[in-house]
There are 2 protein chains.
Amino acid sequence: MHKRATITDVAEKAGFSVATVSRFFADNGYPVSSDASKKIEKAARELDYTPNIVGRMLKTNSSRDIGVIIPTIRNPFYPDVLLGIEKSAASRGYQILLCNSMRDRETEIKYINSLYQKQVRGIILASAQNNLSYENLAGKGMHIVNLESDDSCGFCSGIDFDYRLGGRLLAGHLKDMNHERIAFITSPLTKKSRQDILEGIRSIYKDRVLTVIDNRETEDETGIYEYQMGMRMAGDILKSGKSITGIIAVNDMTGAGVIKGIMDLGLDVPGDISVAGFDNIDLSSMISPSLTTIDQPGFETGKLAANMIIDLIEGNEIKYDRLEPRLIIRASTGKAGGKYD
Amino acid sequence: MHKRATITDVAEKAGFSVATVSRFFADNGYPVSSDASKKIEKAARELDYTPNIVGRMLKTNSSRDIGVIIPTIRNPFYPDVLLGIEKSAASRGYQILLCNSMRDRETEIKYINSLYQKQVRGIILASAQNNLSYENLAGKGMHIVNLESDDSCGFCSGIDFDYRLGGRLLAGHLKDMNHERIAFITSPLTKKSRQDILEGIRSIYKDRVLTVIDNRETEDETGIYEYQMGMRMAGDILKSGKSITGIIAVNDMTGAGVIKGIMDLGLDVPGDISVAGFDNIDLSSMISPSLTTIDQPGFETGKLAANMIIDLIEGNEIKYDRLEPRLIIRASTGKAGGKYD
DNA sequence: CCCCTTACAGTAATCGTTTACTATAAGAGT
DNA sequence: ACTCTTATAGTAAACGATTACTGTAAGGGG
């Protein structure tokens, strides 16, 4: 294994100074004669030279990486987001550093610090716990885009998705189907989005919604925690004998688990219980019954987030469209008491 | 936004030389007096100093990033792998740079180059097309672990998963269920794994297996291509009137699509046609009928791959266990003609 | 013919670390 | 008392790029 060629090697071989070689590769306006260009190009090719990004970064202090922190890549909503991010990022010459926080606060902080040390100038957070303090980062030139704009983080930019309306749409749908009492199954209300969905539901059902909050938060690395949580909690509710005919899950993955949990008890969805999710991940149309849900376009969200963080980094003006929640009615919801029609 | 503190700032504030500060943070054997340690620690804290990885990398030429290239993160098998990689990597102080090739050769090459420029010393490839030439990289100190050991890449290390045996197990299972003629649905045989699965199947079915190869390869960014491919091709086969009673799909995602495609035509799985997949992703037990498949432990594979690449980078000896394929029988396979029993 | 501008190239400082050397002082061993 | 280690600290040269300056030659306008 021989050493990598450096800009100096190329300069020597081509018979020009490193400055000229640097300019040739920078390809910004600075003029380089065609004679020089030809010789440098040739030398670089023969030496198999390609610029060392690290050297460049040290000097220019401009990383072209953006950090992305998500709870877990096993919930397919996040791969969607990630692809959107990658798409926008790639087209603007940025690459992503992926971090799975596994919903663990300490891991999240560790990753944020590590990104900071790597001179990353922008982080997209999809994992943020409320009140996690980033103040110190802000002052140090770090930009943050929070996928769910969180009031508690004053200087974070956010993609504004109307979770509240999402919750309202779902609740309205169930109400239309004559469901009198419903349950909302969720992980802890430590994220604004979850609180908002609940608020939306309450705006319709007032106190006739049973909120069932899971007590555990940290993700396991094996198995899909949300799915299992859905199964477990659906079972708990049904066995508790509460008069519930509809369940809204905080996301599709949980919703899929809820359906499974209900069916495992020998009951029918939606005959006995209607179930709805949130996100509209691909899975929701693959399972049966297919899942009624709110479409939250992950890919689009990702694209938006990436463009936003890059605009922040590059000091451009930012101004984007909102993404609107859309109700997707599928087979998992039906009239209350529908089985006995 | 004020400037980040550098090692020099800390040195001045603490009243020691940068060398000592550097040693304090390096925390390798070099002795630093407790007096110095205390003062440096204090100064660093007050200045909110944290080492600049870029500066360090330039000097030490040792990136602690490893590149991971996968076809698409939308097939949940890869998130599993990725989590495994992240787990091992994190525990050894490495971080991952994620790249989705979208099964596009050019994108793959672009990413590889970009990783090389970033001084990454090791890449885990899950995307490799056969014959993609990495020779030039090898000579430049880049290590490569190919998730499917590919003979055509002499110097790549690989995780040895016995795809052939996997194919054999599935075929054997169908044979046991009296299926006379089956089909194998796959994307192009440009990966060794796919060829091996087919070989395994053929070792049992000889020429009584219809191999249906999809012609498109590049991934779309929206929708899960493999799922749609499965749907489409299942439809094609059935409409062609071939006397097939069992279908093996190249992976679970495709298999899920196959089941959907069959059911959309009003047929029953496994009553009319048995279907099997490969991978054992979570999805395969969530759909109905649940999918018979081969368990390929993605998480374990990822852990192995990460340890391997890091051992290669650090010059350690490498020696690992093989992962064995395991047949998982679920509801999507049954006796040939089972519907009419 | 003189002045100005433009094209082009080189010199050398700089980015934030690490580390090979060099240096000093305190014990340890004889 | 002399040599050998060991602990501790500093000096200064890298690492591979970028870029502010400086300089030169050619061409244009007057």
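Chain A contains 13 helices and 11 strands (DSSP runs numbered from the N terminus, H or I of at least four residues for helices and E of at least two for strands). The model is predicted, so local features need pLDDT of at least 70 and side-chain atom pairs pLDDT 80 or more, while totals for chains, interfaces and linings use all residues. Residues are numbered from 1 along each chain as its sequence is written, chains are lettered from A in the order in which they are written, and side-chain values use heavy atoms, without hydrogens and water.

The C-alpha trace of chain A spans about 90 × 35 × 35 Å along its principal axes. Of the 341 residues, 56% are buried (under 20% relative accessible area; exposed is over 50%, partly exposed in between; 1.4 Å probe, protein chains only). Contacts (heavy atoms within 4.5 Å) were taken between residues at least 6 apart in sequence; 71% of them join residues at least 24 apart.

In chain B, B:I213 lies in strand 7, residues 209-213. The residue is partly exposed, at a relative accessible area of 40%. Beyond its neighbours within four places in sequence, B:I213 contacts B:T186, B:S187, B:P188, B:L189 and B:M233. B:P188 is 25 residues away from B:I213 in sequence, yet their C-alpha atoms are 5.7 Å apart.
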